[in-house]
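Please study the sequence and the structure shown below. The briefing that follows describes how parts of the chain are arranged.

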Amino acid sequence: MSCNYADGLSDYQNKGVLGVPEIFDDEETVEQKCEQLAKWIQGSKHVVIHTGAGISTSAGIPDFRGPKGVWTLEKKGEKPSVNVAFDEAMPTKTHMGLKALVEAGFVKYVISQNIDGLHLRSGLERKYLAELHGNMFIEQCIKCRRQYVRSKPAPTVGKKLTGEMCKGTKNSRACRGGNLIDNILDWEHDLPESDLDLAFMHSTLADLNVCLGTTLQIVPSGNLPLRNKRYGGKLAICNLQPTKHDKKADLKISTYVDTIIEKVAKRLGVEIPAYTKEVDPTKDEPCSLEWTIPTEEVKSLDKQYSKTVRELMKNRKKGSSGSSSFKEEEVDEFEFKCKKFKKEKAEPNEGDSATTTTTKVESGEVKHEQHDAAGE
């Protein structure tokens, strides 16, 4: 069952704020806000979506910090009553809607904290998706670092051996002696480097970041949607519970994300397809699709990122009086570039999607990023 994933993680006490009551906008307000969001999406050139557990609850996968979430009930010694197995859950209207919006050109990129594999199973291509906490339907070779799609959820969590060997593909051989591990992060693990780099750059380049079903409590994932604010970008938050960054949002919609995506897609003239096994790579026989992020993809976006940020900072500097906030932004960009420089100087692994920096959790402790089975 999906919530049993959490039982395989190491013990960790600081799981964020739990069980905050949900808030619902009235129907008229929802209509008005969805109209506004649709207009923003239509008028934007680089829309990035950030997804958390709230987009998978309608598939029967419980969230973590909601009133009936896994961590919330765990504190009471209880388990969620709704708990579908990962391989029995199906992509929701939101998953299928996001795929359709990407294919229609309205959405550039999706950044997910979810490990349930439903973005993959919706047919969303890897080049449009960063999975910051892993994917239950992916395993990775410890030797060549390539990732492969599984037909069933991994039998382990926390980057442990699955018992399988490197598969190779139609276009590439399996590496000799390469054992496969699941790519699900445990509490102490760092985020996958390529996914995080792409997420960081896309979030910064976005003229509109849209958050769906996440309380944005955990850094760095929860802070990525703010990256574009310094350059005049907009932030929309769609969540039933209050979030850490509500005050910084240009728009906050409090209703079910399936409802929001359905209304927005309709206004944009995009039809949301039904899920079928034909679009689901986990249903292929044999199941052997490679899921590795190509190194060239990261380098290509890095060139665009460097050029765009340089121009944006130059324009900001012209209108700046040398305030400390601008200097902090320069330091932020500089640190990111230093990290990339160090990575390039290191011995590279082809298709490496390994790990990266430690991060801080809300308590101020220095820890690796927290993550959840389906996000927040």
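**Helix α6 and its partners**

The crossing of α3 and α6 is left-handed, a term used when the near helix is turned anticlockwise from the far one by less than a right angle, whereas clockwise counts as right-handed. The model is predicted: local features need pLDDT of at least 70, side-chain atom pairs count only at pLDDT 80 or more, and totals for chains, interfaces and linings use all residues. Residues are numbered from 1 along each chain as its sequence is written, and side-chain values use heavy atoms, with hydrogens and water left out. Helices (H or I, at least four residues) and strands (E, at least two) are DSSP runs, numbered from the N terminus.

**α3 with α6**

- The axes of helix α3 (residues 93–103) and α6 come within 8 Å and cross at roughly 30 degrees; axes are lines fitted to C-alpha atoms, for helices over the stretch in contact, and angles run from 0 to 180 degrees between N-to-C directions.
- α3 and α6 are therefore roughly parallel to each other (under 35 degrees; over 145 is roughly antiparallel, 65 to 115 roughly perpendicular and the rest oblique).
- In α3, K93, T94, G97 and L98 meet V257, D258, I261 and E262 in α6, where contact means heavy atoms within 4.5 Å.
- By class, this contact of α3 with α6 has three nonpolar, two polar and three charged residues (Ala, Val, Leu, Ile, Met, Phe, Trp, Tyr, Cys and Pro count as nonpolar, Asp, Glu, Lys and Arg as charged, and the others, Gly among them, as polar).

**α1 with α6**

- Helix α1 (residues 27–42) and helix α6 (residues 257–267) have axes that come within 9 Å and cross at roughly 55 degrees.
- α1 and α6 are therefore oblique to each other, and α1 passes α6 in a right-handed crossing.
- From α1, V30, E31, C34, E35, L37, A38 and I41 meet I260, K263, V264 and R267 of α6.
- The contact of α1 with α6 has seven nonpolar, no polar and four charged residues by class.

**The open sheet**

- Four strands form an open sheet in the order β5-β4-β7-β6, with antiparallel pairing; two strands pair if DSSP finds at least two bridges between them.
- The edge strands, β5 (147–149) and β6 (161–165), each pair on one side only.
- Two bridges join β6 to strand β7 (residues 179–182), and the bridge partner of M165 is N179 in β7.

**Confidence**

- The chain averages a pLDDT of 83, and 77% of the residues score at least 70; pLDDT is the predictor's confidence in each residue, from 0 to 100.
- Over residues 321–331, pLDDT stays under 50.
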